[in-house]
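Let's take a walk through this fold together. Keep the viewer open and follow along as we go.

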Amino acid sequence: LQKIGVKDGMPPLDRLDLTTAQDIADEVGRLRGYDRCPSALPPELPDHLPPDKEFFYTEKIKTALVGRGYSEVLLYSLVENGAWRVEKPLAKDKSSLRERLAPLLVLSLKMNALNADLLGLDRVKLFEISRVFPFEGERTHLALAVSGGAGLIHDDLTALGLDGTCEGGACEVDLTPHIASSEAGELAELGLKPLSRDKRYR
C-alpha cells in the first residue's frame with residue numbers, strides 16, 4: 001500500500017469481507033488491475049527429481065499388499081480418546097487424534113466381512129497406512145486385518161520384512177524407523193512416470 005501512496009486506510013463498514021492484510025492487497029490488485037502486477041514463472045524443475053522417501057517406501061508396501069489380496073482403507077484420524085485432544089471437537093467420539101490404527105481397522109473389517117459373500121470373497125483382507133499421534137509425537141504406521149484372525153497376517157509381514165504387534169484381530173507396525181533407514185528408488189519401480197516436459201512450466 002505504501003508503494004502506491006496509501007499510508008493508512010480503513011475499509012467501508014459494509015465490506016465485512018475485508019478483514020486481513022491479504023484481503024486489502026487483493027482489493028488493491030483488483031482496482032489497479034492485475035495486468036499491471038509483475039509476473040514471473042516458477043523456476044524450471046530439473047529433468048530428474050528423486051521421489052520423496054516416505055512416499056516411495058509406503059507406495060512399495062501398498063503395491064505388495066494389493067498383490068497379496070489386500071484392499072486399502074482410509075479411516076478417521078479422530079477418535080474418542082487419545083494423547084492429543086481437539087480444543088473444540090465437532091463430536092464427542094471425535095475429540096482426539098488417534099494413537100493407533102488397529103482399533104478402527106478391526107471395526108472396518110467386521111463391517112466389510114458382512115459383505116464377503118456378496119463380493120465372492122473367502123476372506124477379507126484390509127490394510128491402512130497413515131499417521132498416528134502418540135504422546136511422544138507423530139508417527140507413520142501400517143495396520144493389517146484379516147477375517148479369520150491376526151495369525152494369518154504373519155506370513156504377509158514376513159514377506160515385507162516387517163515385524164509388528166498383533167492383538168484384537170489386527171497387526172500394527174511402526175514404519176517411521178524403516179522409512180528413516182530406507183532409500184528412495186526410481187518412480188519406474190512403482191509403475192509411475194514423471195510428467196513429460198510439455199506438462200511442466202517453461
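Among contacts in the chain with a separation of 6 or more, 59% are between residues 24 or more positions apart; contact here means heavy atoms within 4.5 Å. A word on the ground rules: this is a predicted model, where local features need pLDDT of at least 70, side-chain atom pairs count only at pLDDT 80 or more, and totals for chains, interfaces and linings use all residues. Residues are numbered from 1 along each chain as its sequence is written, and side-chain values use heavy atoms, with hydrogens and water left out.

Now the parts list: the chain has 6 helices and 8 strands. These are DSSP runs numbered from the N terminus, with helices being H or I of at least four residues and strands E of at least two. In sequence order the pattern goes α-α-β-β-β-β-α-α-β-β-α-β-β-α.

What about the surface? The chain exposes about 14,200 Å², and carbon and sulfur atoms supply 55% of that (Shrake-Rupley method, 1.4 Å probe, and for residues only the protein chains shown count as cover). Of the 202 residues, 28% are buried; buried means under 20% relative accessible area, exposed over 50%, and partly exposed in between (1.4 Å probe, protein chains only).

Thr 140 counts as buried because its relative accessibility is 5%. Leaving out residues up to four places away in sequence, its neighbours include Glu 54, Ile 129, Val 173 and Ile 179.

On to the charges. Side chains of opposite charge can pair when their charged atoms come close. The structure holds 13 salt bridges, each a side-chain nitrogen of Lys or Arg within 4 Å of a carboxyl oxygen of Asp or Glu. One of them joins Lys 62 and Glu 72, at 3.4 Å from N to O. Lys 62 sits in helix 2 (residues 53-67) and Glu 72 in strand 1 (residues 71-72), so this pair ties together parts 10 residues apart in sequence. Glu 72 is partly exposed, at 37% relative accessible area.

Arg 98 and Glu 128 also meet in a salt bridge, at 2.8 Å from N to O. Arg 98 is in the loop between strand 4 (96-97) and helix 3 (102-113), while Glu 128 is in strand 5 (residues 125-132), so the pair ties together parts 30 residues apart in sequence. Arg 98 is buried, with a relative accessible area of 1%, and Glu 128 is buried with 1% too.

Finally, Arg 15, Asp 17, Glu 27 and Arg 30 are linked in a salt-bridge network.
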